Amino acid sequence: MSKTEKPDTGMQRGLTSYGDRGFSLFLRKAFIKGAGYTDEALNRPVIGIVNTGSAYNPCHGNMPQLIEAVKRGVMLAGGLPMDFPTISIHESFAAPTSMYLRNLMSMDTEEMIRAQPMDAVVLIGGCDKTVPAQLMGAASAEIPAIQLITGSMLTGSHRGERVGACTDCRRYWAKYRAEEIDDDEIADVNNQLVASVGTCSVMGTASTMACIAEALGMTVPGGATPPAVTADRIRVAEETGARAVALAGSGLTVGKILTEKAFDNALRMLLAIGGSTNAIVHLAAIAGRVGLEIDLARLDRMGRETPVLLDLKPTGAHYMEDLHKAGGVATLLRELKPLLHLDAMTINGITLGEQLEAQGPGFSQDVVRSFDRPIFPQGGLAVLRGNLAPGGAIIKQSAADPKLMEHEGRAVVFDNLQDLAERIDDEALDVRADDILVLKNIGPLGAPGMPEAGYIPIPRKLARAGVKDMVRISDGRMSGTAFGSIVLHVTPEAAIGGPLAYARSGDRIRLSVSRREISLLVSEQELEQRRQQQPVVKPVAGRGYRKLFLENVTQADQGVDFEFLRAEKLQRKTP
């Protein structure tokens, strides 16, 4: 394109190839006019709206209302809204795991943005993997984009106690396994844990990614926290549509927002909210799309100086609707100002610092703590290394038992998910309360898809005896709503021959969070002998998406993305 030529806009963008550009536009307009559009409408900036509504996805159950409000905002601002469907993924309705399909959703998002004419796009998502997938896809498509979060569910009430998914789901299920409550009560609470459509009401992965999206500068101010069924959420949707029209002619593409400074701010937010361990994997994947890498060592150093300030389950006591009433993400950002890059750009065309100033001084509340009285003195997450995890592992120390953060114990090893299911509740299982439960082969390739099975249940006979927590280690993930002394994302994973593959029951393992250590107390000579005796055979598949996944997926430290979807050229590590 010459300097005098204007870039294609609106309906002229990405014309279908027929060898005659004029005919391509003529044909496109002929078909769209069949839906009743006028030339006046078709001459406006086109705003794509990603519709991820699905009967299988109650986290996105307010999608019709959100799309209507976004369209209203687009039209009030002079644009033409065009909604289109993509894959929708729900955490509890996707087999083998939603993470297995995240990359497919990102590809769907990227390619449909590329394939269809739009000057900017509104990404509507909420459930755990949908926001990361959309940000990954939009980053690769590299057009102006803005994220709209579906919003959290309301809390329910069980016999006078306020409850919400899904920290309370796990808490009550643990009581049921320990035979502390009966069949009638577990059925009763099942009706109250999810009181409305929307994402989990605690700081699980969905809420974590919502807060991170706002900290990255990818939402309108206040876009992270309004619950799904509130008027505030609908107003945010309308504002998002209007902002998308302004973005359409701005040249402010996703790559100009997702900079080193933006990721640094996002990691500060992650640490301060006691957020989901999954967010590290997702941020690594999003960063990889713009040619950046997350530096885990730097993240750990940041964690030592960034306390947990948010009093919200599973680390604290409140729920997402309480954070919204307390002023939302802006309240946290004000407390974090000394640690933030306030000159990072946002989709609003102003810096994060300018945006915070425009949001006002805040007000007195009890959900976000000040630096001098944190929920937890360090960041919620710590990065561990040792001969069991040469590439690193993660522990959510803010949601763990402090007494287990320095622990040495005997390993009780499960080879895979089937082995776990068959033996964990066997009365004959040789296990004690001070043992360390180890689960192999639930990493990116092992399961496949790195399922949230790292939240290994306490063996039933120990649960009945009152045991509430044990050290648990795996190469998989756990839900951000979960809690316990759980080491995750062990890299490299067992399925590709990582050291975890050669751990055996009876081995001694040492966990030291203060020293950031996770070590298998077995000599290198013995490990090498085991490698020779038990060579690992990587999983394979004959066809289909599973074959594509197994042949191309990266490890946890690179985001479990497909190698061919990452940016062609790595710029640098971040932060």
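The model is predicted, with local features needing pLDDT of at least 70 and side-chain atom pairs counting only at pLDDT 80 or more, while totals for chains, interfaces and linings use all residues. Residues are numbered from 1 along each chain as its sequence is written, and side-chain values use heavy atoms, with hydrogens and water left out.

I noted about 350 Å³ of space in the second largest pocket, a volume being the space filled by probe spheres set on grid points that are joined across faces, edges and corners. Of the 16 residues lining this pocket, Met11, Arg28, Ile32, Met82 and Pro117 are the closest to its centre. A pocket is an open set of points on a 1 Å grid over the protein atoms alone, with protein on both sides within 12 Å along at least five of seven lines; a cavity is a set where a 1.4 Å probe fits but cannot get out, and lining residues have an atom within 4 Å of a point. Two or more lining residues come from each of α1 (21-33), β1 and β2, and α1 gives the largest share, 5 residues. Helices (H or I, at least four residues) and strands (E, at least two) are DSSP runs, numbered from the N terminus.

I then turned to the cavities, of which the structure holds 2 of 30 Å³ or more. The largest cavity has about 100 Å³ of space and is lined by 13 residues, with Ile280, Leu296, Ile394, Ala556 and Asp557 nearest its centre. Its lining takes two or more residues from each of α12 (278-289), β9 (389-396) and β13 (486-491), the largest share, 4 residues, being that of β9. By class I recorded 8 nonpolar, 4 polar and 1 charged residues in this lining.

For the second largest cavity I found about 40 Å³, with a lining of 5 nonpolar, 5 polar and no charged residues. Among the residues that line this cavity are Gly126, Ile149, Thr199 and Met320, and helix α8 (residues 205-215) gives the most, with 3 residues.

Next I checked the open sheet, in which 4 strands run in the order β2-β1-β3-β4 with parallel pairing; two strands pair if DSSP finds at least two bridges between them. The edge strands β2 (80-85) and β4 (145-149) each pair on one side only, and the twist averages 25 degrees from one strand to the next. Strands β1 (residues 46-51) and β3 (residues 120-125) pair over 4 bridges, and isoleucine 49 has valine 122 in β3 as its bridge partner.

Last, I examined how helix α11 (residues 260-272) meets helix α15 (residues 329-336): their axes come within 11 Å and cross at roughly 105 degrees, so α11 is roughly perpendicular to α15. Axes are lines fitted to C-alpha atoms, for helices over the stretch in contact, and angles run from 0 to 180 degrees between N-to-C directions; those under 35 degrees count as roughly parallel, over 145 as roughly antiparallel, 65 to 115 as roughly perpendicular and the rest as oblique. Arg268, Met269 and Ala272 of α11 and Val329, Leu332, Leu333 and Leu336 of α15 make the contact (heavy atoms within 4.5 Å).

Terms used. Ala, Val, Leu, Ile, Met, Phe, Trp, Tyr, Cys and Pro count as nonpolar, Asp, Glu, Lys and Arg as charged, and the others, Gly among them, as polar.
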